[in-house]
Amino acid sequence: MSRRAIVVGLGISGAACARVLSAEGWRVLVVDRGDGEAQRRTAATLPPEVEVALGGYDDDVATGADMVCPSPGVPWDAPVLENARRHGVAVRSEIDLVFERCPAPIAGVTGTNGKTTTTALLGAVLGAAGARVHVGGNIGETMLDRLGDVRPDDWVVLELSSFQLESAADPRCRLATVLNLTPDHLDRHGTMERYGLAKRRLVEAADPDGAVALNGADPLTRAMAPASAAPVRLFSPDPGDLAGGDGATVVGGEVTSVEGGVAVAVMPVAEIPLLGAHNVSNVLAAVALGRAARIPAAALAEAVRGFHAVAHRLEPVLESDGVLWINDSKATNVDAAVTGLRSLGDRPVVWIGGGGSKGVGPEALAAEVAARARHAVVNGATGAELDAALAAAGCAARTRVATLAEAVAAARRVARPGDAVLLSPGYTSFDQFSGFEERGREFVRLVREICSTAGRC
C-alpha cells in the first residue's frame, strides 16, 4: 500500500508538495481552511489523483498518515502539527523536501532584510563562472517542483525565511549567509530570541566544507559565528569589522575581498547599480561567498555591474515631470522601510506606508518618516495607529486614506518636481492583497495609469 501524506495549506508551497509527492507515489490529501477562488484555482492545477478538502479541517486530520507537510504560513506549533507529532507522524515542510532531494550544492540566504536582492545577486555571482544556477525558496517559484531540472554540478540559491528555517530538519548549505537581524515576525515567533534562533539554524547546519558569511557590523548576526562548523567570513563596509579575518569590505572606495589577509580590489563602490548604502552590504555578502566559491574578482565585478534591482525592492517605476515613483513593496517591516527612506539621501520624499501588522509598534518607523519625509500618506489596516504615531512624532504633513489606490492618488496631488514618491510600507500586504508582489504590481499599475491619464505626475 502506498504511503499517505497530508498537505496543510493550498498555496504555492502546498501545491508543490502535493505535485511532487503524488509523482513519487504518495496518496495525497490537501486541506485548507479557505474555500475561495484562489484555493479553487490552485486545486484545479493539481493531478487528478490528489484529493482536496477546502473550507476547514479537524486538528486530527493527519492521524494515521505517514507524513504531514505544512505550508510556511502554518505555525510550527499549530494544533494539527502537534497532534501529528503525538501520533508519530513525520512533520516535514516543503523546504525540508528540497534539502532532502536537491542533487546540487545549495547556497542559503537569510536575514531580516536584503534577502531577495542578495539571493538574486548571489545567483548572478555564482553564474559568473559559467555554472548553471537555479534561484528559489522564498523568492519567485518554488524550488521543489523544479528539482528535476537540477544537475549535480549546478548551484541552487535559496532565499530562506525564518518560517522555513524553523521547519527544516537539516538546512545544510555549502554557502550560507545571515545578512542582519532586526525585529520582525514577532507575531509568529513571540520574542527576538526565538526569531534569532530560527535564523541561526542556517549557520548551525552549514556544510563544514563550505563557508558562512556574517554581517560584521551587526552584533546579533556576528555573534552566530561560534555556531558554525564551516569557515566564517565577515562582511562590512568598515574594514575594522572584519577583525583581521577574511571576508569583504570597502577600502578607498573599492569593494574589496580579503583572502588570507591579502586585500584584492573587486570594483568601485560607485559602479554598484543599486540604490542605497544597504545595497553595498548586500554586494559585500555576495562577494564574500563568491570568493569562497573561487569566483575570480573580475567575474564578480562583471556580475554586479550587470545586476538590476529586483522587482518590488527599491524598483524605479517611472519618472515624470521631475517626480520619481519607486516601488519598495517588499519592505514589509520597520527596518526595511527605514532602509528605503534612507536610501534616497537628501531627495524630498512623499512616503506611502501602512498595511497589516506583524506585532511591532509604529513608533520607530514614525520617527524616521517624520525626520525624512516631506509628506506621509498612510493607508490600510494599520493606518490609524500609524497616523497617530506620526502625529506624536511631529509629522504634520500627512494624509490618511483607506486603500493603496487612494494613497497613490493622494501622493500625486502633493508631489512636486524633485520629489520621490516611495511606496515602502513597513507592514505586510495581507490586509488588501495576497502578498507584497500583488501590492507592488498594483502600485506599478496605478502609477502608470494615473500618469498616463493625467499626462503628467
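User: I keep seeing labels like S16. What counts as a strand here, and how are strands numbered?

Analyst: Strands are DSSP runs of at least two residues, and they are numbered from the N terminus. This is a predicted model, by the way. Take Asn327 as our case: it lies in strand S16, which covers residues 323-327.

User: Okay. Is Asn327 buried or exposed?

Analyst: The idea is to look at relative accessible area, where anything under 20% is called buried. Asn327 has a value of 0%, so it's buried.

User: Which side chain makes a polar contact with the side chain of Asn327?

Analyst: For that you look for a pair of N or O atoms within 3.5 Å. The side chains of Asn327 and His312 are joined by such a contact, at 3.0 Å. There's also a backbone atom to check: the nitrogen of Ser329 sits 3.1 Å from a polar atom of the Asn327 side chain.

User: And what else does Asn327 touch, leaving out residues up to four places away in sequence?

Analyst: Touching is about heavy atoms within 4.5 Å. On that list for Asn327 are His312, Arg313, Leu314, Glu315 and Val317, along with Leu423, Gly440, Phe443 and Val444.

User: Can we try a residue in a helix?

Analyst: You'll find it in helix H3, residues 79-86. Its relative accessibility is 31%, so Arg85 counts as partly exposed. Using the rule that skips residues up to four places away, Arg85 touches Trp76 and Val91.

User: Now zoom out. How many helices and strands does the protein have?

Analyst: There are 16 helices and 20 strands. The radius of gyration is 23 Å, close to the 23 Å the globule rule gives for 457 residues, so the protein is as compact as a globular protein of that length. A box of roughly 70 × 55 × 40 Å along the principal axes holds the C-alpha atoms.

User: What share of the residues is buried?

Analyst: Of the 457 residues, 56% count as buried. As for the accessible surface, it comes to about 17900 Å², and 50% of that belongs to carbon and sulfur atoms.

User: Last one: how many positive and negative side chains are there?

Analyst: You'll count 44 positive and 54 negative ones, and the centres of the two sets lie 2 Å apart.

Key: Residues are numbered from 1 along each chain as its sequence is written. This is a predicted model: local features need pLDDT of at least 70, side-chain atom pairs count only at pLDDT 80 or more; totals for chains, interfaces and linings use all residues. Side-chain values use heavy atoms; hydrogens and water are left out. Helices (H or I, at least four residues) and strands (E, at least two) are DSSP runs, numbered from the N terminus. Buried means under 20% relative accessible area, exposed over 50%, partly exposed in between (1.4 Å probe, protein chains only). A polar contact is a pair of N or O atoms within 3.5 Å; within protein, one must be able to donate a hydrogen and the other to accept it, and residues adjacent in sequence count only if both atoms are side-chain atoms. The radius of gyration is taken over C-alpha atoms; the globule rule is 2.2 Å times the number of residues to the power 0.38. Accessible areas come from the Shrake-Rupley method with a 1.4 Å probe; for residues, only the protein chains shown count as cover. Lys and Arg count as positive and Asp and Glu as negative; His and the chain ends are not counted. The place of a charge is taken as NZ of Lys, CZ of Arg, CG of Asp or CD of Glu.
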